[in-house]
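I open this notebook to record what I looked up in one structure. The entries follow in the order in which I made them.

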Amino acid sequence: MTVRILQNPWRLLLAINAAVIVGVFIHKIQLPPYVPYIHLLVDYHFGFIKRALIGAVIALFTDKVPVWLVFAIGGVTWLVTLALFLRLFQRTFGFTAKTLPLFVFIAGSPFFLKNFMHTLGHFDIYGCALAIVLLLMPAGSLLFVATAALFSVVLVLIHHIHLLMYVPTIVTIVVIRHYLAYGCNRSNVAFGIGALGLVSALFFAAQFWGTMPIPEADFVAYLKTRMADPSRTDLLQFAYIWYQPLAKEISDTWGRLPHNSLGVPVFAALIWLHTPLWRFFADLIGALASDLHRRLVIAALFGVSLAYLVMFAMVFDYSRWISNWAVCMFLILHAVKMLPSARDTALIPAEDRRTNIFGLIITLIPRVGIIRPF
């Protein structure tokens with residue numbers, strides 16, 4: 001039995017990943033949910049403002065928001081995302097002994113489900129979940145493009161930074177699954193451009209006209225009326241973000257840059273540990289039957305990465321951004337697999353010693369973090 005595990009340890013690594021996720025969850029529920037909690041309190045009571053959709057939906061069902069709701073909503077969203085990803089992987093690659101290393105490198109990555117558990121209650125995971133839905137649903141009609149536009153609107157209303165974080169990946173999925181697979185015509189191209197323009201306009205409205213229109217003291221007083229325990233004023237310390245202009249966010253980010261940039265070598269090392277996965281992704285792109293498809297996919301990868309580079313210059317939650325960038329790469333990998341291929345692509349080898357070591361290391365890393373590594 002021991003010899004069999006040593007020869008093919010991927011099932012063991014999968015079990016270790018599950019145990020690590022449980023540990024991350026136990027640790028997470030012991031931490032105060034500062035930012036995630038206040039997002040559940042803010043709604044459209046004072047008119048259209050940014051970051052208010054989730055709170056507005058909750059306000060339809062309850063006047064008082066308990067702290068545990070952060071973990072309840074976040075936990076359910078995490079489980080739904082896990083279920084969606086399992087279905088996606090099954091449909092794209094299937095669950096076999098040969099695909100298990102690929103599954104461990106994606107699902108067991110500290111960038112993905114483990115980090116989403118660490119950031120439980122934050123809004124990042126919604127973009128991932130909706131992108132997976134788009135990878136699973138039929139893509140042959142304009143309904144698919146309309147659904148993608150609706151999802152993008154929802155994400156921007158949840159948090160306008162989604163325009164850089166997951167909307168570019170959603171656009172990539174739409175281009176790959178609809179326009180490349182079924183062709184372009186005047187109507188679907190015009191519809192797609194119009195939808196993208198609508199989402200972009202909504203972003204600018206949220207960014208520049210979505211600030212709170214009342215004094216911060218009055219805003220905090222209103223938030224207290226929504227709290228199940230108004231004495232927990234420590235959970236309201238981030239109310240200023242509904243007043244902070246873009247220039248101040250950029251200034252704060254660049255002010256923290258010398259210290260936060262110390263984590264760049266760690267991020268680079270984490271990306272390097274995924275080398276077997278990136279090699280497989282590159283082979284997958286190289287195997288595409290169409291040169292045009294190959295060039296467009298590469299351009300999309302640069303476009304998504306450029307959006308994250310812009311986000312790095314604007315907001316300093318670097319660990320979250322690099323983690324979500326990696327998740328976007330994982331999702332685009334699945335989209336690319338759906339395109340016509342000229343040849344089969346060899347999966348990540350299960351017996352390669354270096355690959356096994358990399359798989360073990362990423363399995364043991366519990367998460368990447370929120371601002372700085374770990």
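Where is the place of Lys50? I found Lys50 in the loop between helix H3 (34-41) and helix H4 (53-59); helices are DSSP runs of H or I with at least four residues, numbered from the N terminus.

I noted that this is a predicted model, in which local features need pLDDT of at least 70, side-chain atom pairs count only at pLDDT 80 or more, and totals for chains use all residues. Residues are numbered from 1 along each chain, and side-chain values use heavy atoms, without hydrogens and water.

**Entry: Lys50.** Lys50 is buried (under 20% relative accessible area, with a 1.4 Å probe and protein chains only).

I then listed contacts (heavy atoms within 4.5 Å). Leaving out residues up to four places away in sequence, Lys50 touches His160, Ala206, Gly210, Thr211, Ile241, Trp242 and Gln244.

**Entry: the whole chain.** I recorded 19 helices and 0 strands for the protein chain. Buried residues make up 53% of its 374 residues. Of the contacts between residues at least 6 apart in sequence, 82% join residues at least 24 apart. The C-alpha trace spans about 60 × 55 × 40 Å along its principal axes.

How values were computed: Helices (H or I, at least four residues) and strands (E, at least two) are DSSP runs, numbered from the N terminus. Buried means under 20% relative accessible area, exposed over 50%, partly exposed in between (1.4 Å probe, protein chains only). Lys and Arg count as positive and Asp and Glu as negative; His and the chain ends are not counted. A salt bridge is a side-chain nitrogen of Lys or Arg within 4 Å of a carboxyl oxygen of Asp or Glu.
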